[in-house]
Amino acid sequence: MGKRKVTKDSNSCGAKKNLKQIIYYSFIGYIISMIQHCLSIFQRPFMVYGYYDRSKKKYLRDVRISSTVDIVDKKNFIVGDNVWINHYTRIDASGGVIIGEGCQIGSSVGIFSHSSHNAIRLMGANYMKTPKGERVGYIVKSTEIGEYTFIGSGSYIMPGVKIGKGCVIGTNSVVTKDIPDYSIAVGSPAKVIKSTLDVDREYFENPKVRECYFDSSVIDTYQNIKQ
Ligand SMILES: CC(C)(COP(=O)(O)OP(=O)(O)OC[C@H]1O[C@@H](n2cnc3c(N)ncnc32)[C@H](O)[C@@H]1OP(=O)(O)O)[C@@H](O)C(=O)NCCC(=O)NCCS
């Protein structure tokens with residue numbers, strides 16, 4: 001993969017840390033983050049610093065998840081670092097949800113990994129009495145969002161959908177099918193209208209972007225084509 005190896009220096013892309021950042025990355029910052037975790041119960045909506053990933057048993061310091069985000073079945077929710085999830089979003093991870101590093105999820109987004117829209121009708125009053133695995137027509141599919149993808153506010157992602165890396169999903173879209181890497185997709189159902197690479201390419205001469213862009217293979221390909 002053409003992913004840049006993130007070191008202490010490359011992570012900041014050469015930028016000097018200010019006092020606030022120094023405190024944030026210190027042990028004091030960790031304590032402040034923990035206090036904010038507790039306070040977020042009372043202060044809503046509030047972007048909570050950090051997230052304890054139960055599946056990896058790892059604390060991810062640079063994740064920001066709003067205190068109003070509702071995650072069902074956290075044990076099946078896998079999230080990369082540097083992810084933002086905005087207010088009033090609902091994530092149903094019962095069938096598994098993977099959100100790659102650096103994704104931004106807007107407010108009031110719905111990400112689903114199960115559906116009972118046929119099963120309740122087919123199973124009638126026996127639906128609740130039947131174990132999940134034996135329910136006829138019950139859909140359970142893992143949903144995945146690739147790294148550095150942006151999901152616009154008010155969008156819904158259907159069970160089993162795989163959205164590639166570096167994509168932009170427009171506000172209020174309904175994503176019903178897989179979306180290839182670097183797509184800009186909009187609407188209901190979401191259709192690919194262009195590529196994020198057409199936007200990004202204009203910045204590839206910028207030294208900061210060359211150093212920081214999340215997928216170095218894209219920059220390498222661009223350079224080879226130019227030569
Ligand atoms: C998807 C998005 C990035 C596209 O922006 P853009 O590249 O400047 O594209 P344009 O505005 O030129 O739109 C291109 C076409 O797609 C349509 N379009 C854009 N966004 C759309 C959307 N969300 N739903 C449906 N159609 C959309 C436009 O009407 C236009 O159609 P046309 O070619 O027939 O005129 C932008 O519309 C968007 O949704 N941004 C997200 C904002 C957001 O959610 N912010 C929350 C921050 S937390």
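Start with burial. Of the chain's 227 residues, 27% count as buried. A residue is buried if 20 or more other C-beta atoms lie within 10 Å of its own, exposed if 12 or fewer, and partly exposed in between, with C-beta atoms placed from the backbone. This is a predicted model: local features need pLDDT of at least 70, side-chain atom pairs count only at pLDDT 80 or more, and totals for chains, interfaces and linings use all residues. Residues are numbered from 1 along each chain as its sequence is written.

**Whole chain**

Color by pLDDT, the predictor's confidence in each residue, from 0 to 100. The chain averages 89, and 92% of the residues score at least 70. Now select residues 5–10, where the pLDDT is below 50. Beyond near neighbours in sequence, this stretch has 2 contacts in the model. A contact means two C-beta atoms, placed from the backbone, within 7 Å. Where pLDDT is low, predicted coordinates should not be read in detail.

Zoom out. Along the principal axes, the C-alpha atoms fill a box of roughly 65 × 45 × 25 Å. Switch to cartoon: the chain has 7 helices and 19 strands. Helices (H or I, at least four residues) and strands (E, at least two) are DSSP runs, numbered from the N terminus. Among contacts between residues at least 6 apart in sequence, 26% join residues at least 24 apart.

**The core**

Select Ile157, Ile163, Cys167, Ile169 and Val175. These have the most contacts inside the largest nonpolar core, which has 34 residues. Such a core is a set of buried Ala, Val, Leu, Ile, Met, Phe, Trp, Tyr and Cys residues joined through C-beta atoms within 7 Å. Strands supplying at least two residues each include E1 (47–53), E2 (58–66), E14 (156–157) and E16 (168–169). E1 gives the most, with 3 residues.

Center on isoleucine 163. Leaving aside neighbours within four places in sequence, its contacts include Glu144, Thr149, Ile157, Ile169, Val175 and Ile179.

**The parallel sheet**

Next, show E4, E7, E12 and E15. These 4 strands form an open sheet in the order E4-E7-E12-E15, with parallel pairing. E4 and E15 (162–163) stand at the edges with a single partner strand each, so one side of each is left without a neighbour in the sheet. Two strands pair if DSSP finds at least two bridges between them. Go to E4 and E7, which are joined by 3 bridges. Pick valine 79; its bridge partner in E7 is isoleucine 99.

Move to E18 (183–186) and E19 (191–195). They run antiparallel, joined by 4 bridges. Alanine 185 stands opposite valine 192 in E19. Between the strands of this hairpin are 4 residues, and glycine 187 takes a positive phi near 95°. Stay in the loop and select proline 189. The peptide bond from serine 188 to proline 189 is cis, with omega near -5°.

**Two positive phi angles**

Select lysine 57, in the loop between E1 and E2. It is not a glycine, yet its phi is positive, about 55°. Lysine 57 counts as exposed, with 7 C-beta neighbours inside 10 Å. Then jump to aspartate 73, in the loop between E3 (70–72) and E4. Its phi is also positive, about 60°, although it is not a glycine. Aspartate 73 is partly exposed, with 16 other C-beta atoms within 10 Å.

**Two single residues**

Select valine 48 in strand E1. It is buried, with 21 other C-beta atoms within 10 Å. Not counting residues up to four places away in sequence, it touches Gln36, His37, Ser40, Arg64, Ile65, Ser66 and Ser67.

Now pick serine 116, in the loop between E10 (114–115) and helix H4 (119–123). Serine 116 is partly exposed, with 16 other C-beta atoms within 10 Å. Its C-alpha lies 9.0 Å from that of valine 140, 24 residues away along the chain.

**The ligand site**

Finish at the ligand. Of the 13 residues around it, Gly106, Gly152, Gly170, Thr171 and Val186 come nearest. A residue is near a molecule or strand if its C-beta atom, placed from the backbone, lies within 6 Å of it. Color the shell by type: 4 nonpolar, 9 polar and no charged. Here Ala, Val, Leu, Ile, Met, Phe, Trp, Tyr, Cys and Pro count as nonpolar, Asp, Glu, Lys and Arg as charged, and the others, Gly among them, as polar.
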